[in-house]
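Hi,

Here is the structure for your files. My notes come after it.

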There are 2 protein chains.
Amino acid sequence: MPQSPIRAIAFDAFGTLFDVFSVTALAERLFPGQGDAVSRLWRLKQIEYSFLRTLSKRYEPFDAVTESALHFALSALGVSAGQAQIDLLMAQYDRLTPFPENLAVLQALKADGVPMAILSNGTPRMLEVCTRHAGMSGVFDHLLSVDTVGQYKTTEAAYQLAPDAFGVPAREILFVSSNGWDAAGAGWFGFTTFWINRSAQPPEALGVAPAATGTQLTDVLDFVRRHRQH
Amino acid sequence: MPQSPIRAIAFDAFGTLFDVFSVTALAERLFPGQGDAVSRLWRLKQIEYSFLRTLSKRYEPFDAVTESALHFALSALGVSAGQAQIDLLMAQYDRLTPFPENLAVLQALKADGVPMAILSNGTPRMLEVCTRHAGMSGVFDHLLSVDTVGQYKTTEAAYQLAPDAFGVPAREILFVSSNGWDAAGAGWFGFTTFWINRSAQPPEALGVAPAATGTQLTDVLDFVRRHRQH
């Protein structure tokens with residue numbers, strides 16, 4: 001199938017625009033020697049819990065899921081933490097560092113007139129706070145949260161938010177994610193997908209390949225500029 | 001709510017009756033120094049892929065999912081493997097070692113007259129081969145595979161196989177699993193759950209607790225004998 005023209009872009013937020021491992025420094029300060037392990041297991045359980053709650057139809061908002069995952073990660077690693085430390089880490093999650101190239105790329109796409117959205121597991125509040133803190137307010141036409149459908153990615157209901165918001169068919173929307181599982185789910189759904197492979201991972205063995213792969217958001221800019229002119 | 005009497009037992013297979021890490025020795029022989037990492041990442045991706053394929057309604061049988069997960073794990077760890085080695089590891093998955101206490105416990109429960117089933121993500125073929133190899137043929141009244149509903153745990157359709165097969169309400173079925181996520185999903189579904197916490201993990205932070213916890217299958221025998229007399 002030839003490449004569809006790209007008429008809009010939907011970005012994943014956590015891991016794609018915002019560095020979820022930017023909590024590592026604080027975690028390391030709070031729990032010396034364990035910061036890296038805490039932030040990795042925290043992220044792993046956060047995703048697992050989002051899957052499980054969707055499979056079992058037990059949706060809870062992403063900030064609650066994120067805090068539960070943190071509790072599990074700390075216990076599993078034998079880290080003794082009080083509520084004050086939990087609160088600090090959760091507050092840090094609202095101030096995740098954007099990857100360095102992101103703001104300039106988003107502004108360039110905006111200048112090109114490309115409609116853009118975030119489509120994220122995060123709650124509306126988390127998305128609003130994170131984009132504001134990253135200086136990205138006003139860049140996006142839509143901040144789409146799965147909270148409005150009560151199902152996490154990779155369900156159809158979650159991804160359908162973007163075609164509905166843009167009024168554009170899925171294959172003409174470029175879905176951009178650094179998360180292999182999210183790019184796969186988005187591809188199954190029908191988006192044209194761009195996988196930002198930031199950590200040199202192999203492709204997921206799920207029988208669905210991204211339309212394009214890069215290592216940072218600047219690669220998305222090149223791809224979109226090539227595929228808007230068709 | 002008082003404990004319901006236990007009228008039947010449904011066992012998870014992989015990780016609960018059969019040691020999924022019993023492939024480690026072969027993996028270590030094939031890929032010296034990497035056996036442990038390969039078997040751990042293999043298992044992690046196998047579970048993740050089962051979740052994703054269910055969330056996205058892209059069911060594939062568990063042996064195919066398991067082989068895909070192995071391919072990913074080997075690539076991610078930079079292990080160069082040929083199809084012959086993949087085939088060896090997949091064949092080993094049909095001969096997973098049962099945990100040492102399991103057969104005697106199952107035979108004791110059988111002698112007590114408790115109806116028993118396996119309820120597993122595995123295909124009917126995998127369950128048949130694994131139980132036969134473990135000397136468990138004839139112990140179970142039902143080998144229930146989610147393959148018949150085309151959805152992996154933790155969906156309602158998957159767990160519903162047990163009440164349907166036994167003709168017994170979920171709360172009077174003891175669901176036994178070593179996998180925290182599976183015990184949580186089973187508890188949400190409505191089973192009375194027994195979590196065999198074989199590796200000293202903290203409880204999952206999912207707001208649902210098992211009815212009982214133990215460290216090996218003998219603990220299940222004690223629990224069932226106490227709760228059949230009510």
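Below are the conventions, then the sheets, the aromatic pairs and one serine.

This is a predicted model: local features need pLDDT of at least 70, side-chain atom pairs count only at pLDDT 80 or more, and totals for chains, interfaces and linings use all residues. Residues are numbered from 1 along each chain as its sequence is written, chains are lettered from A and ligands numbered from 1 in the order written, and side-chain values use heavy atoms, with hydrogens and water left out.

**Sheet in chain A**

Chain A has an open sheet of six strands, ordered E5-E4-E1-E6-E7-E8, with parallel pairing. Strands are DSSP runs of E with at least two residues, helices are runs of H or I with at least four, and both are numbered from the N terminus. Two strands pair if DSSP finds at least two bridges between them. Strand E5 (142-145) and strand E8 (212-214) of chain A are the edges, each pairing on one side only. Neighbouring strands are turned by 20 degrees against each other on average, direction ignored. Axes here are lines fitted to C-alpha atoms, for helices over the stretch in contact; angles run from 0 to 180 degrees between N-to-C directions.

E1(A) and E6(A) run parallel and are joined by four bridges. Ala10(A) has Phe175(A) in E6(A) as its bridge partner. Helix H6 (residues 124-133) of chain A packs on the sheet and touches strand E4 (116-120) and E5 of chain A. Contact means heavy atoms within 4.5 Å. The direction of H6 makes about 140 degrees with that of E5(A).

**Sheet in chain B**

Chain B also has an open sheet of six strands, in the order E5-E4-E1-E6-E7-E8, with parallel pairing. Strand E5 (142-145) and strand E8 (212-214) of chain B each have a single partner strand, so one side of each is left without a neighbour in the sheet. The twist averages 25 degrees from one strand to the next. Four bridges join the parallel strands E6 (residues 173-177) and E7 (residues 192-196) of chain B. Val176(B) stands opposite Phe194(B) in E7(B).

**Aromatic rings**

Over all chains there are 29 aromatic pairs. Rings of Phe, Tyr and Trp (its six-membered ring) pair if their centres lie within 6.5 Å; planes under 30 degrees apart are stacked, over 60 edge-to-face, the rest tilted. Phe14(A) and Phe62(A) are stacked, at 5.7 Å centre to centre and 25 degrees between planes. Phe14(A) lies in the loop between strands E1 (8-11) and E2 (18-19) of chain A and Phe62(A) in helix H3 (residues 62-76) of chain A, so the pair ties together parts 48 residues apart in sequence. Phe14(A) is buried at 3% relative accessibility. Buried means under 20% relative accessible area, exposed over 50%, partly exposed in between (1.4 Å probe, protein chains only). Phe62(A) is buried too, at 2%.

**Ser177(A)**

Ser177(A) sits in strand E6 (residues 173-177) of chain A. Ser177(A) is buried, at 0% relative accessibility. A polar atom of the Ser177(A) side chain lies 3.0 Å from the backbone nitrogen of Asn179(A). Leaving out residues up to four places away in sequence, Ser177(A) touches residues including Asp12(A), Thr16(A) and Asp182(A).

Regards

Methods. Polar contact = N/O pair within 3.5 Å; in protein donor to acceptor, adjacent residues only side chain to side chain.
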